[in-house]
Amino acid sequence: MQIDSLRFRFLKQTLPEASRKRIAVLTGARQTGKTTLVRNLYPDLAYINLDAPENREIISGVSSTLWSESVGNALIDEAQKLPDIFEKVKFAFDEGDIDFSLLTGSSQILLLKKIRESLAGRAFFYELWPLLQSEIKTPFNSEHVRLPIIYHLLGNESLETVLKSCPPVLLEKEDAYLRQTEEYSLNWGGMPALLELEDFERRQWLKNYSYTYLQRDLGDIARLDDLAPFHKFQKLSALRSAMLLNYSELARDAGLSVDTARRYFEYLKLSYQAYYLQPYYKNLTSTVIKTPKMYWIDVGILRQLTGFWEGVSGELYETMVISEIFKLIRTFQIEAELYFYRTRSGRELDLLIETPAGITGVEIKSRDKVYAKDFRTMQDVALKLGNRWRGGLVVYRGREVRKAADPGIWIVPSRRLFG
């Protein structure tokens with residue numbers, strides 16, 4: 001699969017128009033396409049890249065009172081490189097000297113408390129993640145973009161209403177295209193630059209990315225004299241994607257203290273590399289475990305770090321499915337929280353999605369068949385949740401969308417759910 005890297009991004013429908021009086025802040029991991037997106041959306045605005053030291057020197061010398069004359073309405077890239085810039089933009093905006101500014105950065109440093117407070121009531125915050133499967137297959141200027149099924153399942157309509165409107169199976173040509181998109185996502189993840197490369201170039205790009213992340217993105221977050229311990233921790237974390245996050249075990253294997261392991265994982269979260277799910281235990285049972293599970297965000301980077309290039313393990317498939325849901329929720333700023341369920345005896349439900357409409361259960365199976373045993377824990381959880389239960393999904397690699405069991409449990413191919 002080799003296509004033009006300029007893909008449609010759902011975020012382009014959400015970002016404000018330059019004619020509005022607005023400060024916007026766009027964050028996301030390096031190379032997710034922030035610069036490409038904003039420069040295509042705002043071609044008439046001045047563009048300043050603070051990754052360049054000479055630009056930082058020039059901008060540092062511009063006073064707040066002269067900001068509108070020297071810079072004006074602008075796109076400011078890698079804004080975390082020059083933290084004082086936020087105060088200057090705020091001053092010019094409050095004085096009415098500028099109407100619009102969009103600042104980008106490659107870590108959640110831009111979302112931290114200090115900056116949120118300095119721009120309180122003025123800035124709107126957005127995040128750009130690696131490509132969703134539905135974005136991978138869609139050219140940038142597409143006029144008719146179909147939202148994936150998962151988007152509708154996170155709304156207020158019932159699961160039955162949404163899924164009954166879907167064809168039980170697709171014709172071979174359409175299904176093959178969705179399968180191809182999913183296979184690409186499972187092999188290479190969602191970094192836009194990879195789309196136009198050959199396979200051997202993709203591996204090299206991902207290898208270079210991991211070094212770039214260590215040297216540049218991590219440098220924005222923490223001043224580490226020796227990057228080798230963090231790099232080892234990064235690889236060990238990737239090997240544990242879709243597993244319980246045991247800091248003591250991770251610290252032991254990495255040769256670190258537990259406090260350092262916790263701090264390093266926060267660095268991974270701040271730079272959009274990893275995240276974790278908390279266990280759901282509200283009104284269920286006292287026997288549930290209370291240890292979080294961790295996930296890597298991009299499958300391509302995960303493969304590069306682990307060296308696991310062949311096949312699709314259950315953990316890798318689960319990482320892809322949950323990351324697709326996580327990225328979509330964050331992209332559309334949907335009011336939803338993600339959890340998992342697991343008891344001390346080992347009964348587990350991979351995902352619980354809590355929205356104002358209720359709770360949806362998700363079981364993930366990296367195979368093309370589903371059996372009754374696959375949703376027994378889900379039925380037990382549904383009984384405990386009572387009227388909070390919306391329904392359940394068994395996400396698998398088969399072909400058919402159909403209702404599988406009560407209460408409201410459906411089986412859905414992952415490529416149909418996300419494509």
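Visitor: Which residues of helix α16 are buried?

Guide: In helix α16, residues 376-385, the buried ones are Thr377, Met378, Asp380, Val381, Ala382 and Leu385. Buried here means under 20% relative accessible area, exposed means over 50%, and partly exposed is in between, with a 1.4 Å probe and protein chains only. Helices (H or I, at least four residues) and strands (E, at least two) are DSSP runs, numbered from the N terminus.

Visitor: What kind of model am I looking at?

Guide: This is a predicted model, in which local features need pLDDT of at least 70 and side-chain atom pairs count only at pLDDT 80 or more, while totals for chains, interfaces and linings use all residues. Residues are numbered from 1 along each chain as its sequence is written, and side-chain values use heavy atoms, with hydrogens and water left out.

Visitor: What do the buried residues of α16 pack against?

Guide: They pack against five strands: β9 (337-342), β10 (348-355), β11 (358-364), β12 (389-396) and β14.

Visitor: How do I read the order of strands in the open sheet of nine strands?

Guide: Go from neighbour to neighbour, where two strands pair if DSSP finds at least two bridges between them. The order is β6-β8-β7-β9-β10-β11-β12-β14-β13, and the pairing is mixed. At the edges are β6 (243-244) and β13, each pairing on one side only. The partner of β13 is β14, in the antiparallel sense over three bridges. Here Arg402 stands opposite Ile411 in β14.

Visitor: Where does Pro407 lie?

Guide: Look in the loop between β13 (402-405) and β14 (409-413). The peptide bond that joins Asp406 and Pro407 is cis, with omega about -5°.

Visitor: What is Thr360 in contact with?

Guide: Contact means heavy atoms within 4.5 Å. Thr360 lies in strand β11 and counts as buried, at 6% relative accessibility. Leaving aside neighbours within four places in sequence, Thr360 contacts Leu159, Leu351, Leu352, Ile353, Arg390, Gly391 and Leu393.

Visitor: How many residues of strand β4 are buried?

Guide: Six of the six, residues 100-105, so β4 is largely enclosed by the rest of the structure. Both faces are covered, with Phe100, Leu102 and Thr104 on one side and Ser101, Leu103 and Gly105 on the other. Strand β1 (residues 22-27) runs parallel to β4, joined by six bridges, and Thr27 stands opposite Gly105. Strand β3 (residues 74-77) also pairs with β4 in the parallel sense, over three bridges; here Ile76 has Leu103 as its bridge partner.

Visitor: Which value of phi does Gln31 have?

Guide: Gln31 has a positive phi of about 75°, although it is not a glycine. Gln31 lies in the loop between β1 and α1 (34-41), and at 41% relative accessibility it is partly exposed. Tyr272 has a positive phi too, near 60°, and is likewise a residue other than glycine. Look for Tyr272 in the loop between α13 (258-270) and β7 (274-279); at 3% relative accessibility, Tyr272 counts as buried.

Visitor: Which residues does Leu218 touch?

Guide: Not counting residues up to four places away in sequence, Leu218 touches Tyr213, Leu224, Leu227, Phe230 and Tyr267. Leu218 is in helix α10 (residues 199-221) and counts as buried, at 1% relative accessibility. Leu218 and Tyr267 are 49 residues apart along the chain, yet their C-alpha atoms are separated by 7.4 Å.

Visitor: How many helices and strands are in the protein as a whole?

Guide: The protein has 17 helices and 14 strands. Its radius of gyration is 22 Å, close to the 22 Å that the globule rule gives for 419 residues, so the protein is as compact as a globular protein of that length. That radius is taken over C-alpha atoms, and the rule is 2.2 Å times the number of residues to the power 0.38. Along its principal axes, the C-alpha trace spans about 70 × 50 × 45 Å. Of the 419 residues, 56% count as buried. Among contacts between residues at least 6 apart in sequence, 71% join residues at least 24 apart.
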